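Try each task yourself before reading its solution.

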Amino acid sequence: MSPLHFSFYSAFTFSSLGLAFHRTHLISALLCLESMMLSMFIPLSMWPVQNQTPSFTITPILMLAFSACEAGTGLAMLVASTRTHGSDHLHNLNLLQC
């Protein structure tokens with residue numbers, strides 16, 4: 001495994017571990033999700049260049065579009081939960097109270 005691949009795998013692993021273990025604030029969960037998307041976007045954008053295949057060049061752009069939609073939805077949820085509950089702590093959010 002090359003050091004470049006190892007760095008992408010470790011970035012994805014660390015961000016997923018951060019999402020799993022440090023779930024106190026909604027903004028930290030959103031940042032972990034964004035770092036997971038970024039660690040998947042960079043290898044996907046480098047893969048067609050390394051293999052010299054032009055057919056997969058649209059895949060990173062679609063992933064980036066979905067990542068932007070996810071970020072916008074997450075920030076809207078952050079603003080809505082802060083307005084209704086007064087903070088962005090995840091333990092205040094309960095699906096049974098909706």
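## Exercise 1: The overall fold

**Task.** Find how many helices and strands the protein has, and what pattern they follow along the sequence.

**Solution.** Start by counting: this predicted model has 3 helices and 0 strands. Next, read along the sequence, and the pattern comes out as α-α-α. Now turn to the spread of the chain. The radius of gyration is 17 Å, whereas the globule rule gives 13 Å for 98 residues, so the protein is more spread out than a compact globule. Finally, look at the C-alpha trace, which spans about 50 × 25 × 20 Å along its principal axes.

## Exercise 2: Surface and contacts

**Task.** What percentage of the 98 residues count as buried, and what percentage of the accessible surface belongs to carbon and sulfur atoms?

**Solution.** Begin with burial: 20% of the 98 residues count as buried. Then take the accessible surface, which comes to about 7000 Å². Carbon and sulfur atoms hold 73% of that surface.

## Exercise 3: An annotation and the model

**Task.** Which residues does the UniProt annotation "transmembrane region" cover, and how much helix does the chain have over residues 29–49 and over residues 61–80?

**Solution.** First, go to the record: the unreviewed UniProt entry gives this annotation to residues 6–22, 29–49 and 61–80. Then check the model. Over residues 29–49 the chain is 100% helix and 0% strand, with its end C-alpha atoms 32 Å apart. Residues 61–80 are also 100% helix and 0% strand, and here the end C-alpha atoms are 29 Å apart.

## Exercise 4: Following Phe8

**Task.** Decide where Phe8 lies, whether it is buried or exposed, and which residues it contacts beyond its neighbours within four places in sequence.

**Solution.** Locate Phe8 in helix H1, which runs over residues 3–21. Its relative accessible area is 14%, and the cut-off for buried is under 20%, so Phe8 is buried. Setting aside neighbours within four places in sequence, Phe8 is in contact with Ser39, Ile42, Pro43 and Met46. Now compare sequence with space: Phe8 and Met40 are 32 residues apart in sequence, yet their C-alpha atoms are 7.6 Å apart.

Leu38 sits in helix H2, residues 26–51. At 49% relative accessibility, Leu38 counts as partly exposed.

## Exercise 5: A nonpolar patch

**Task.** Which residues make the nonpolar surface patch of about 430 Å², and how do Phe66 and Leu62 count in accessibility?

**Solution.** The patch is made by Ile58, Ile61, Leu62 and Phe66. Phe66 is found in helix H3, residues 59–85, and Leu62 is in helix H3 too. With 60% relative accessibility, Phe66 counts as exposed because the cut-off is over 50%. Leu62, at 46%, counts as partly exposed.

For a contrast with the pairs above, take Ala71, which is also placed in helix H3. Ala71 and Gln52 are 19 residues apart in sequence, and their C-alpha atoms are 31 Å apart in space. At 24% relative accessibility, Ala71 counts as partly exposed.

Key
Residues are numbered from 1 along each chain as its sequence is written. This is a predicted model: local features need pLDDT of at least 70, side-chain atom pairs count only at pLDDT 80 or more; totals for chains, interfaces and linings use all residues. Side-chain values use heavy atoms; hydrogens and water are left out. Helices (H or I, at least four residues) and strands (E, at least two) are DSSP runs, numbered from the N terminus. The radius of gyration is taken over C-alpha atoms; the globule rule is 2.2 Å times the number of residues to the power 0.38. Buried means under 20% relative accessible area, exposed over 50%, partly exposed in between (1.4 Å probe, protein chains only). Accessible areas come from the Shrake-Rupley method with a 1.4 Å probe; for residues, only the protein chains shown count as cover. UniProt positions are given in the numbering used here, feature names are shortened, and annotations may be inferred rather than shown by experiment. Patches are made of residues with over 30% relative accessible area and no salt bridge: like charges are joined within 9 Å, nonpolar side chains (Val, Leu, Ile, Met, Phe, Trp, Tyr) within 5 Å. A salt bridge is a side-chain nitrogen of Lys or Arg within 4 Å of a carboxyl oxygen of Asp or Glu. Contact means heavy atoms within 4.5 Å.
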